[in-house]
Amino acid sequence: MDQLGALKLEGGSVTDYSATGAVISDKDAIIDVPCEVWIPAARPDVIREDNLDRLDTRMVVPGANIAVTAGAEQALHQRGVLCLPDFIVNAGGVICAAMEYQGASANMAFQAIED
């Protein structure tokens, strides 16, 4: 097992990783990585008016609720960046979570999504 994997198994944080050449970046540094499709899926308000100029992508597909503020979404649209609505992108996950909470099976959840 590699050093990072062992660190995580011991309950450590990736910020404690100290291998030669390892660089610890600010949590928002990922915004600066150019890509075709950007998927913010961990927390809300990741893309805001104050950081959207750093984003170099053609499409935003939010897996988190409200990952892009309304103002940032409008500015990205004006730039020609396609922003898919979060309530559509992650609706299947919400439906599955609600059905799981009610004790439904996976088949029942998939049937609800299909319906």
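Predicted model: local features only at pLDDT ≥ 70, side-chain atom pairs only at ≥ 80, totals over all residues.

**Exercise 1. Salt bridges**

Task: Determine how many salt bridges the model holds, and describe the pair formed by Arg43 and Asp28.

Solution. 
Step 1. A salt bridge requires a side-chain nitrogen of Lys or Arg within 4 Å of a carboxyl oxygen of Asp or Glu. Under this criterion, the model has five salt bridges.
Step 2. For Arg43 and Asp28, the closest N and O atoms are 2.8 Å apart, and the pair is therefore a salt bridge under the 4 Å cut-off.
Step 3. Arg43 belongs to the loop between β1 and β2, and Asp28 to the loop between α1 (3-9) and β1, so the bridge ties together parts that are 15 residues apart in sequence.
Step 4. The partners are then classified by accessibility. Arg43 has a relative accessible area of 30% and is partly exposed, whereas Asp28, with 14%, is buried.

**Exercise 2. Two further bridges**

Task: Characterise the salt bridges Asp32 to Arg54 and Arg48 to Asp50.

Solution. 
Step 1. The side chains of Asp32 and Arg54 form a salt bridge with an N to O distance of 2.8 Å. This pair links distant parts of the chain, 22 residues apart: Asp32 is in the loop between α1 and β1, and Arg54 in the loop between β1 and β2.
Step 2. Asp32 is partly exposed at 42% relative accessibility, and Arg54 is partly exposed at 35%.
Step 3. Arg48 and Asp50 also meet through their side chains in a salt bridge, at 2.9 Å from N to O. Arg48, with a relative accessible area of 23%, is partly exposed; Asp50, at 59%, is exposed.

**Exercise 3. The surroundings of Arg43**

Task: Which residues are in contact with Arg43, leaving aside its neighbours within four places in sequence?

Solution. 
Step 1. The contacts of Arg43 are Lys27, Asp28, Ala64 and Ala67. Of these, Asp28 is its salt-bridge partner.
Step 2. Ala67 is 24 residues from Arg43 in sequence, yet their C-alpha atoms are 6.3 Å apart in space.

**Exercise 4. Cysteines**

Task: How many disulfides does the structure hold?

Solution. 
Step 1. The number of disulfides is zero.
Step 2. For Cys35, the nearest cysteine sulfur is that of Cys83, 12 Å away.
Step 3. Cys35 is partly exposed, at 24% relative accessibility, whereas Cys83 is buried, with a relative accessible area of 13%.

**Exercise 5. Positive phi angles**

Task: Describe the backbone angle phi, the location and the accessibility of Asp45 and of Ile66.

Solution. 
Step 1. Asp45 is not a glycine, but its phi is positive, about 55 degrees. Asp45 is found in the loop between β1 (37-38) and β2 (59-60) and is partly exposed, with 36% relative accessibility.
Step 2. Ile66, likewise not a glycine, has a positive phi of about 50 degrees. Ile66 occupies the loop between β2 and α2 (70-78) and counts as exposed at 53% relative accessibility.

**Exercise 6. Phe110**

Task: Where is Phe110 found, and is Phe110 buried or exposed?

Solution. 
Step 1. Phe110 is part of helix α5, residues 106-114.
Step 2. Its relative accessible area is 53%, so Phe110 is exposed.
Step 3. Phe110 and Gly71 are 39 residues apart along the chain, and 34 Å separates their C-alpha atoms.

Methods. Residues numbered from 1 in each chain as written. Heavy atoms only, no water. Helix = DSSP H or I, 4+ residues; strand = E, 2+ residues; numbered from the N terminus. Buried < 20%, exposed > 50% of the residue type's maximum accessible area, 1.4 Å probe, protein only. Disulfide = S-S within 2.5 Å. Contact = heavy atoms within 4.5 Å.
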